[in-house]
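Here is a short briefing for a first look. Have the sequence and the structure open as you read.

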Amino acid sequence: MTSTSYLEQQLRSLRMAETAGRLPELITEAERRDVSYQEFLASILNYEQKRREEKQIERFMKWAAFPYHKTLEEFDVREQASLSQKQLNQLKELTWMEQLYNIIFLGPPGSGKTHLSIALGMEAINRGYQVSFLPMGELIHILKTTEIIRKSQMRKKRILKSDLVIIDDLMYMAMNQNEANLFFQLINELYDQSALIFTSNKGPNDWGDLLGDPSITTAILDRILHRAEVVHLDGDSYRMKHRKSIFGDEENADVYMVT
Ligand code: ADP
Ligand code: MG
């Protein structure tokens, strides 16, 4: 029996579901182009592989839970004097990620910290890596509810499996002892397993005040800073400069600029 439906069934039982779904078209295409047996086999296998990679990327994009999508191409280095195009290209290479380096983006609100970390996360996913994006508040919530909420448990598992974990707005709030402990445990579990990106508007010197306990602070900083690149972003807030004005006229809009 070699009917198309039988072949489809066989492909499915061999877990080649993508090819199974497109088999008639793939056969017609091969007949039309009069390809050799070898080329036909290659085209089937390539198709299955390509589709699997595409689906993996879609799945990883969903799991990463980015708040919005931004690319490195959309980041204008002319707007951010403290980062050169060369440095941006180096970040894009992701060598730091493979070497399990951590990146810390420091800077005031609107300086592009979240944009850059999302863009690097998307770049990593496109290269086949798994990524988790977590605003700090959400991360703490997940850690506190891992035992009682299934969704938190699932997200924690994904965090631990990620090649890159992005923690956005680190230390924007003070933590109590329990929260600082949970945070330390996570950093400890990720240490030497995943690369990390942190964004913060406060430098590591100020993190101690928010973590409370000095010994936990030292333990966390040790692990985070062991292999880390600190990128200082500054300058005027991109958001403020490019905000939309209800007056639609630059001069009037400037009345509200705080300088
Ligand atoms: P932060 O996280 O530092 O507060 P964001 O990354 O959220 O700032 O940036 C605020 C907004 O400004 C976002 O929409 C971001 O895309 C945009 N933005 C900031 N810096 C740049 C830049 N250099 N080029 C292009 N867009 C930028
Ligand atoms: Mg931000």
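The expected span of a helix is 1.5 Å times one less than its number of residues. Keep that rule in mind for helix H6 below. The model is a predicted one.

**Helix H6**
- Helix H6 covers residues 113-126, which makes 14 residues.
- From the first C-alpha of H6 to its last, the reach is 20 Å, close to the expected 20 Å.
- Of the 14 residues of H6, 13 are buried, so the rest of the structure largely encloses this helix.

**Strands E2 and E3**
- Strand E2 spans residues 131-135.
- Buried residues make up 4 of the 5 in E2, so this strand too is largely enclosed by the rest of the structure.
- Strand E3 runs over residues 164-168 and pairs with E2.
- The pairing of E2 and E3 is parallel and has 5 bridges.
- Ser132 has Val165 of E3 as its bridge partner.

- Thr19 lies in helix H2, which holds residues 17-33.
- The relative accessible area of Thr19 is 0%. Buried means under 20%, so Thr19 counts as buried.
- Leaving aside residues up to four places away in sequence, Thr19 touches Leu11, Leu26, Ile44, Tyr47 and Glu48.
- Arg51 is 32 residues from Thr19 along the chain, and their C-alpha atoms are 8.8 Å apart.

How values were computed:
Residues are numbered from 1 along each chain as its sequence is written. Chains are lettered from A and ligands numbered from 1 in the order in which they are written. This is a predicted model: local features need pLDDT of at least 70, side-chain atom pairs count only at pLDDT 80 or more; totals for chains, interfaces and linings use all residues. Side-chain values use heavy atoms; hydrogens and water are left out. Buried means under 20% relative accessible area, exposed over 50%, partly exposed in between (1.4 Å probe, protein chains only). Helices (H or I, at least four residues) and strands (E, at least two) are DSSP runs, numbered from the N terminus. Two strands pair if DSSP finds at least two bridges between them. Contact means heavy atoms within 4.5 Å.
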